[in-house]
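Trainee: Could we go through this model together? I would like to begin with the sheet and then turn to a single residue.

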Amino acid sequence: MTAATLLTPATSVEPNGHRVGLVARSDERSYVRVLVVLDTTVLIIALLIGYVTRFGDGDAGGSEIPYVLVAPGLVLAWLISLKALGCYDDRVVGYGADEYRRVSSASLRLAGATAIIGYIADLGVSRVFLGISFAVGTVGLEVARFVVRKRLHRARRVGAGWSRRVLVVGDTAHVLELVHTLRREPYAGYQVVGACIPDALLAPVAQRLGDVPVVGSFRGIPEAATAIGADTVAVTASGELTAARLRRLGWQLEGTGVDLVVAPALTDVAGPRIHTRPVAGLPLIHVEAPEFRGARKLVKGLVDRSASSLALALLLPLIALIALAIKLDSRGPVLFRQVRVGRGGHEFGVFKFRTMVVNADALLAELTARNETDGLMFKMRRDPRVTRVGRLLRKWSLDELPQLANVLLGQMSMVGPRPPLPSEVARYDGDVARRLLVKPGMTGLWQVSGRSDLSWEDGIRLDLYYVENWSLAADLTILWKTFGAVLNGRGAY
């Protein structure tokens, strides 16, 4: 059975798959062009800010340096530097931290090269002008990329925007698993449009794996990719896909414009822990063990306590105002202290502003049947135990501000897994218990990814991902995203 035989009924919703693929490539090029225009605009503004800051009235202080020529030259050199480091590569833009790292690296390298050339050649260009321009330009490029990426992510979530069209190849079980993984984060830009499975699993009629059409077997992968307009072939595990067949597939895709991606069975491991090392022509993937102690942990603890001290000092007026509102709104104490489980299974009292009536625990038994979440947690969107002020505090996550004291005491971290209740921990299995290898956090991946809207399984997966792959850079990213999550208010109840 050929790929064409299976294509006709299975992909009737997209009869012009190749044309769709061309449109996707056009959208991709349009996105890159937008980035180039945006970067150019940001750089021009940065250089203008640097010039005005240094020279004010615009006369360049009588300098003989022709800044009217220096500025365009710097813009051009900056764009070339961004291009040289792959900042417009379609494999980089739109998702992941690598795009931001490359933008920063390109800017810093150009700044270093400019400083060295200026010193050796004694060009006389103002160092203040260059310093301000590079500082503003680097930050501006990062912010602009963040803004345009967020717009792209929102478009991808509703099925619009530029995305890669992916043909998944492998055994049925592994194909379904990879499809689930890619669809879990639609903003990543991988849209599965078809699958190829082993010959032995093909049926004489059109097949689907879930809602993914089976468009062929391993014998006609390039033809199937062309027929459905796929621009990426993602290969997952299969006993029939030997090294020789995979190498031959790479040769067959050369010059077709279709990328080949190999998806290993290893999941939820971040890039910094993965190193590829070629051995006898075989790319071996080395996975570093998670780091639960050492110098980086000491630095994280120092950063946590410094940040919590500063935050408590700055937010003291707000904390006092919230305490007064709680006291005036309902009977009971301002603070609520609840036993939670921290690193290593040690229990501690977590501080929160009281958002419920004083007998909330006694009323829980009556509400158990109305639980709106799965797993071990209890959540209700309209919990009758929550006070009027409590609803506002929960919406903006202000009820968690007292946990800054827990961070200062070393019981919690600014970023980490959600602090669980002892009753939850008592029912943990071996995998879930790994959440207790690090300190719980005031915020974490669970909060910036949906909070209470997440299923129990997704919440645990995010917590375990953080435990295995934490880093100071990731902590800063999560803290930054927390502001957006709090303002959005999604999943807060």
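**Sheet and a helical residue**

Mentor: This is a predicted model.

Trainee: In which sense do strand E5 and E6 pair, and over how many bridges?

Mentor: Strand E5, residues 232-235, pairs with E6 in the parallel sense, over 4 bridges.

Trainee: What is the strand order of the sheet?

Mentor: The order is E3-E4-E2-E1-E5-E6, in an open sheet of 6 strands with mixed pairing.

Trainee: Which strands stand at the edges?

Mentor: Strand E3 (208-209) and strand E6 (259-262) do; each has a single partner strand, so one side of each lacks a neighbour in the sheet.

Trainee: Which strands does helix H7 touch?

Mentor: Helix H7, residues 221-228, packs on the sheet and touches E1, E2, E4 and E5. The direction of H7 makes about 150 degrees with that of E1.

Trainee: And where does helix H8 lie?

Mentor: Helix H8, residues 243-253, lies across E5 and E6, and runs at about 155 degrees to E6.

Trainee: Changing topic: is Ser107 buried or exposed?

Mentor: Ser107 is buried, with a relative accessible area of 1%. This residue is found in helix H4, residues 98-121.

Trainee: Which residues is Ser107 in contact with, leaving aside neighbours within four places in sequence?

Mentor: Those contacts are Trp78, Phe134, Thr138 and Leu141.

Trainee: What does the side chain of Ser107 reach?

Mentor: The Ser107 side chain reaches the backbone oxygen of Val103, at 3.0 Å.

Technical notes: Residues are numbered from 1 along each chain as its sequence is written. This is a predicted model: local features need pLDDT of at least 70, side-chain atom pairs count only at pLDDT 80 or more; totals for chains, interfaces and linings use all residues. Side-chain values use heavy atoms; hydrogens and water are left out. Two strands pair if DSSP finds at least two bridges between them. Helices (H or I, at least four residues) and strands (E, at least two) are DSSP runs, numbered from the N terminus. Contact means heavy atoms within 4.5 Å. Axes are lines fitted to C-alpha atoms, for helices over the stretch in contact, and angles run from 0 to 180 degrees between N-to-C directions. Buried means under 20% relative accessible area, exposed over 50%, partly exposed in between (1.4 Å probe, protein chains only). A polar contact is a pair of N or O atoms within 3.5 Å; within protein, one must be able to donate a hydrogen and the other to accept it, and residues adjacent in sequence count only if both atoms are side-chain atoms.
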